[in-house]
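Please view the sequence and the model together, then follow the headings below.

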Amino acid sequence: MSSQRLFIRNGFVVSMDPNVGDIPNGDVLVEDGAIVEVGRGLGASEAEEIDATGMIVMPGFVDTHRHTWQTPVRGVLPCCTLDHYFAVMLGSIGGHYRPEDVHIGNYAGALEALNGGVTTLLDWSHINNTPDHSDAAIQGLKDAGIRAIYAHGVPTGGEWWSFSELNHPEDVRRIRETYFSSDDQLLTLALAARAPGNSNFEVAKHDWELARDLGIRISVHVGMRLTTVHVHHVKNLDDLGLLGPDTTYIHCTDSTDEELDLIAETGGTASLAPYVEMLMGHGYPPTGRLLKRGVRPSLSVDVVSSVPGEMFTQMRTALVHERIGAFTDTPDEAFAPTLTHRDVLEFATIDGARACALDDKVGSLTPGKQADIVLLNVNAINTAPMVDPVGTIVVFADTSNVDSVFVAGRAVKRHGRLVDVDIDRVVKKLEESRNHILSRGGLLPEWAAEPMATV
């Protein structure tokens with residue numbers, strides 16, 4: 001069989017690999033889904049050629065934590081607190097989801113990610129009310145064609161989240177055997193675990209042992225402040241002897257310095273979602289506190305029930321929040337922030353790949369890695385003229401600039417449009433799902449229940 005070759009030429013390559021660097025008028029050669037060569041003046045025969053003139057060529061973004069199932073209820077809680085989110089989303093709305101709602105949520109949510117240049121997504125799926133819900137979630141990701149880590153969580157409902165005595169569902173073993181017998185595929189498996197405090201200590205020990213028995217990574221929310229709840233998740237995990245390099249700690253906003261030290265000392269990684277952390281009152285994003293300890297955080301969207309579903313917002317929010325944190329008490333002391341736009345682009349690409357243990361495959365345009373590539377059109381009114389390509393990505397670009405997206409060399413978006421996707425059909429299914437879920441939760445706006453006017 002002949003190889004499949006793709007030749008992207010004459011773009012401004014922002015590789016996110018210091019050994020490759022940034023290359024104006026650069027080329028990227030892809031063969032059988034992998035990057036073969038990055039440089040200038042490359043030649044390629046018998047290849048599909050893409051003219052990237054006027055575009056930035058960069059690795060796809062890596063979103064290390066998104067509850068993708070919430071796509072059908074986008075914007076239902078645009079200005080809520082974390083207490084309110086728990087009461088409404090996990091205490092009510094989640095219980096009304098059917099498997100078909102989970103499927104369209106994950107399918108459309110993954111498409112949204114791809115549309116915005118996110119090529120790798122950790123789907124933190126705590127909507128597994130039945131095995132059928134889990135199967136639907138996985139199928140939705142698969143149908144979208146995204147690279148994803150499906151992090152299997154517990155069902156919704158308060159009995160699973162407040163010092164719960166319920167072990168993680170054993171159905172994850174069936175899922176491992178059925179869908180994830182190989183770790184070398186586009187979709188891989190992780191455990192979306194509850195920290196001790198959300199579960200009791202014996203349950204936490206059970207769940208960590210379950211993940212390690214299955215040979216999968218662990219992703220866990222820690223350090224989120226809830227009213228009247230006094231708990232130190234990371235310290236509890238340390239007391240139980242459960243900390244390790246196979247774990248990503250989400251938020252860490254109310255974690256103590258001692259707890260952040262423990263994450264660093266045990267080789268853990270971190271996922272921050274700065275927009276939602278400040279919106280809902282999780283606490284201040286601990287970007288600088290983690291960096292001081294040598295932990296480079298990754299970035300994540302978290303929930304589109306409250307947050308834009310793209311990484312440009314997360315990068316900008318992380319950048320300005322950390323920089324204003326260096327503001328001084330007196331004009332006699334200069335403002336001297338250290339976080340840069342390149343830092344947050346690293347958070348959203350190569351550091352995200354590291355947090356998912358996929359940095360040998362994605363996160364940079366490095367020969368030998370998978371060809372998860374994004375082309376940003378910068379000859380646009382919101383980005384032209386370009387001076388600093390990294391600054392253009394972080395400060396000025398948005399989803400409208402995402403011209404083309406490739407996952408393992410396969411085009412999923414070209415010329416500003418998703419490939420082989422019937423958007424009208426997707427939107428119709430999302431609206432049907434929204435109406436079912438929110439009508440049962442008493443949250444459907446009256447206008448949404450009315451039939452659409454026809455011309």
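How much space lies in the largest pocket?

## The largest pocket

The structure is a predicted model. Its largest pocket holds about 350 Å³ of space. The elements that contribute two or more residues to the lining of this pocket are helix 9 (287-292) and helix 10 (311-324). Helix 9 supplies the largest share, 5 residues.

In total, 18 residues line the largest pocket. Those nearest its centre are Thr287, Gly288, Arg289, Glu322 and Gly325.

## A buried aspartate without a salt bridge

Aspartate 27 belongs to strand 2 (residues 22-31). Which side chain of opposite charge is nearest to aspartate 27, and how far away is it? The side chain in question is that of arginine 9, at 6.6 Å. A salt bridge requires a side-chain nitrogen of Lys or Arg within 4 Å of a carboxyl oxygen of Asp or Glu. Aspartate 27 is buried and has no salt bridge.

The side chain of aspartate 27 does, however, approach backbone nitrogens. The backbone nitrogen of glycine 41 is reached at 3.1 Å, and that of leucine 42 lies 2.9 Å from a polar atom of the aspartate 27 side chain. Beyond its neighbours within four places in sequence, aspartate 27 is in contact with several residues, including Phe7, Ile8, Val13, Glu37 and Arg40.

Side chains of opposite charge can pair when their charged atoms come close. The structure contains 28 salt bridges. One of them joins aspartate 213 to arginine 173, with the closest N and O atoms 2.8 Å apart. This pair links distant parts of the chain, since aspartate 213 is in helix 5 (residues 201-214) and arginine 173 is in helix 4 (residues 171-179), 40 residues apart. Aspartate 213 counts as exposed at 53% relative accessibility, whereas arginine 173 counts as partly exposed at 35%.

A salt bridge also forms between the side chains of aspartate 257 and arginine 293, at 3.4 Å from N to O. Aspartate 257 is in helix 7 (residues 257-265), and arginine 293 is in the loop between helix 9 and strand 13 (298-299), 36 residues apart. Aspartate 257 is partly exposed, with a relative accessible area of 43%, and arginine 293 is partly exposed, with 23%.

## A network of charged residues

Aspartate 351 forms a salt bridge with arginine 296, the closest N and O atoms being 3.1 Å apart. Because aspartate 351 lies in helix 12 (residues 350-355) and arginine 296 in the loop between helix 9 and strand 13, the pair ties together parts that are 55 residues apart in sequence. Aspartate 351 counts as buried at 3% relative accessibility, while arginine 296 is partly exposed, with a relative accessible area of 31%. Through shared partners, salt bridges join Arg296, Asp343, Glu346, Asp351 and Arg354 into one network.

## Backbone features

Histidine 251 is not a glycine, yet its phi is positive, about 80°. Histidine 251 is placed in strand 11 (residues 247-251) and is buried, with a relative accessible area of 1%. Cysteine 252 likewise has a positive phi, about 60°, although it is not a glycine. Cysteine 252 is found in the loop between strand 11 and helix 7 and counts as buried at 0% relative accessibility.

Where does a cis peptide bond occur? Such a bond joins alanine 384 and proline 385, with omega about -5°. Proline 385 lies in the loop between strand 14 (373-377) and helix 13 (389-396).

Technical notes: Residues are numbered from 1 along each chain as its sequence is written. This is a predicted model: local features need pLDDT of at least 70, side-chain atom pairs count only at pLDDT 80 or more; totals for chains, interfaces and linings use all residues. Side-chain values use heavy atoms; hydrogens and water are left out. Helices (H or I, at least four residues) and strands (E, at least two) are DSSP runs, numbered from the N terminus. Buried means under 20% relative accessible area, exposed over 50%, partly exposed in between (1.4 Å probe, protein chains only). Lys and Arg count as positive and Asp and Glu as negative; His and the chain ends are not counted. A polar contact is a pair of N or O atoms within 3.5 Å; within protein, one must be able to donate a hydrogen and the other to accept it, and residues adjacent in sequence count only if both atoms are side-chain atoms. Contact means heavy atoms within 4.5 Å. On a 1 Å grid over the protein atoms alone, a cavity is a set of points where a 1.4 Å probe fits but cannot get out, and a pocket is an open set with protein on both sides within 12 Å along at least five of seven lines; lining residues have an atom within 4 Å of a point. Grid points are joined across faces, edges and corners, and a volume is the space filled by probe spheres set on the points.
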